[in-house]
Structure formats: C-alpha cells, structure tokens
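Subject: Handover of a protein model

Dear colleague,

Please find below the model that I am handing over to you. My notes on what was found follow it.

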Amino acid sequence: MSACRPRRTSRRRLALFAAGAAAASLTLSACGDGAASGGSAQTKFVQGKGGIATVPKADRQPAPDLSAPTTTGTKKLDVGDYKGKVVVLNVWGSYCGPCIAEAPNFAKVAQETKAKGVQFIGVNTRDEKAQAVNFEEQHKVPYPSLFDPTGKLLLRFPKGSLNPQAIPSTIAIDRHGRIAARSLGPLTASDLRTMIDPLIAEK
C-alpha cells in the first residue's frame, strides 16, 4: 500500500508541531506500508507471518511511560494503569488512508477480546484534535486514544525495542507491561488475532 501524507498544514498547525515534529520525523514515516525495518542489532525479535514481529518472553523490554490527555478530553490516560491486561497500541492519524482501512478491524477485535483481558488504546499523532474526534465518531472506535500531535510519546520507546516507525503501527504489550509484538502497516482482523491470541494465552 502506498504511503500517504498528512493534509496541508495551516500556520497554526505548523506552530503546534514545531517543537517535536523534527525529532519525530527521524523515527516515524507518515502512513508507511510496513516495509520499514525495526529496532537494532540488539532487538531479539522474530519476523513472523504478515510482517508481525514478536519477541520471546525472556527478551522483552518494558514499555515506556505513555501517558497523555485523550483525544476527547483533558484528563490524562496512563497506559501503565492497564498492567495485568494485554494492551494493543495503534498509532494512527485521521489523514491516513491505511488507518481508515483498518479501523473497522480494530473496532471489531477490540469488542471481541475485551472480556479476555485485552485493552485497545490508540495513539493519535500529527493530527488536529477536531479531526481525530471526528474520525473516532465516524468509524465508531470503541476505545480511547492518547493525543500526541508532535510524536513525543513515540520517541519514548527504548532503543532496540520494537518501536513504532510508521503510521499506522501497532504495538502489543503483554500482561507484565513488556513490548511483545509489533506490526508496521495496516492489519486485518485475522492479523490482529495472530498478534494478540498468543499473549492472551500467556500466564
């Protein structure tokens, strides 16, 4: 799938993004197709079916501190509060065609796995809040999203980990708060199941 680009930015958006956009662009390509390579030589991951990379339990790194206001309010959401659940982080933007394509799949699997101890959380980046909220309403997204317009949260992932490098990217965090799997690019419902079902089964 070809890469897509954010909308033409207004002066207001340029001012908003100035502080963090330059740094974020070093690690995150807009609407990538999942072809980017991940991590470093220290990353002990296994590239699996559908471009889903997984890390053996013994080699997983802790997820970084990810807390920020959500797209729909000023109250902060802290991913760390969901330790004990499998957390699925989806990096997305309202301007991103692949994000639009995968949105129904994420909504479907989020509903189906909620009772199994899975929490989906979006990370909306390089976007305006109004457009992000409209996207969530239009696509009936049933879970919250962190609002990260300059990409600062994405830079917190440790070096050598399965860090997000495209929009969309999806990161799966195990019940112990460790980075367990990653996909760069859009996912089908089947792909999502392939990513998270082994984590649901872990004790």
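What share of the contacts in the protein with a separation of 6 or more is accounted for by residues 24 or more positions apart? The share is 74%. Please keep in mind throughout that this is a predicted model.

**Overall make-up**

The protein contains five helices and nine strands. Followed along the sequence, these elements give the pattern α-α-β-β-β-β-β-α-β-α-β-β-β-α. Of the 203 residues in the protein, 50% are buried.

**A pair of packed helices**

Two packed helices are described by the angle between their axes and the distance between the axes. Here the pair consists of helix α3, residues 97–113, and helix α5, residues 189–201. They pack at an angle of about 30°, and their axes are 10 Å apart. Because angles under 35 degrees count as roughly parallel, α3 and α5 are roughly parallel to each other. The crossing in which α3 passes α5 is right-handed. On the α3 side, the contact is made by Asn105, Phe106, Val109, Glu112 and Thr113. On the α5 side, Ala189, Leu192, Arg193, Ile196 and Ile200 take part. Sorted by class, the contact of α3 with α5 has six nonpolar, two polar and two charged residues.

**Two threonines in one loop**

The loop between β3 (67–69) and β4 (76–78) holds Thr70, and Thr72 is also placed in the loop between β3 and β4. Is each of them buried or exposed? Thr70 has a relative accessible area of 12% and is therefore buried, since buried means under 20%. Thr72 has a relative accessible area of 64% and is therefore exposed, since exposed means over 50%.

A polar atom of the Thr70 side chain lies 3.3 Å from the backbone nitrogen of Gly73. Leaving aside residues up to four places away in sequence, Thr70 touches Lys75, Leu77, Lys129, Pro144, Ser145, Leu146 and Phe147. Thr72 and Ala132 are 60 residues apart in sequence, and their C-alpha atoms are 8.8 Å apart in space.

**Residues in strands**

Gln119 is part of strand β6. Its relative accessibility is 16%, so Gln119 counts as buried. Not counting residues up to four places away in sequence, Gln119 touches Tyr82, Lys85, Val86, Val87, Val88, Tyr143 and Pro144.

Leu184 belongs to strand β9, which covers residues 179–184. At 8% relative accessibility, Leu184 also counts as buried. Leu184 and Thr170 are 14 residues apart in sequence, while from C-alpha to C-alpha they are 6.5 Å apart in space.

**The segment after α5**

Lys203 is placed in the segment after α5. With a relative accessible area of 82%, Lys203 is exposed. Lys203 touches Lys57 and His176, if residues up to four places away in sequence are not counted. Lys203 and Arg175 are 28 residues apart in sequence and 8.3 Å apart in space, C-alpha to C-alpha.

**Backbone geometry**

Most residues other than glycine have a negative phi, and most peptide bonds are trans. Which two residues are joined by a cis peptide bond? They are Ile167 and Pro168, with omega at about 5°. Pro168 lies in the loop between β7 (145–148) and β8 (169–173).

Positive phi values in residues other than glycine also deserve a note. Arg126 has a phi near 55°, and phi of Lys140 is near 55° as well. Arg126 is found in the loop between β6 (118–125) and α4 (129–138), whereas Lys140 lies in the loop between α4 and β7. Arg126 is buried, at a relative accessible area of 16%. Lys140, at 66% relative accessibility, counts as exposed.

With kind regards

Notes: Residues are numbered from 1 along each chain as its sequence is written. This is a predicted model: local features need pLDDT of at least 70, side-chain atom pairs count only at pLDDT 80 or more; totals for chains, interfaces and linings use all residues. Side-chain values use heavy atoms; hydrogens and water are left out. Axes are lines fitted to C-alpha atoms, for helices over the stretch in contact, and angles run from 0 to 180 degrees between N-to-C directions. Helices (H or I, at least four residues) and strands (E, at least two) are DSSP runs, numbered from the N terminus. Angles under 35 degrees count as roughly parallel, over 145 as roughly antiparallel, 65 to 115 as roughly perpendicular and the rest as oblique. A crossing is left-handed if the near helix is turned anticlockwise from the far one by less than a right angle, and right-handed if clockwise. Contact means heavy atoms within 4.5 Å. Ala, Val, Leu, Ile, Met, Phe, Trp, Tyr, Cys and Pro count as nonpolar, Asp, Glu, Lys and Arg as charged, and the others, Gly among them, as polar. Buried means under 20% relative accessible area, exposed over 50%, partly exposed in between (1.4 Å probe, protein chains only). A polar contact is a pair of N or O atoms within 3.5 Å; within protein, one must be able to donate a hydrogen and the other to accept it, and residues adjacent in sequence count only if both atoms are side-chain atoms.
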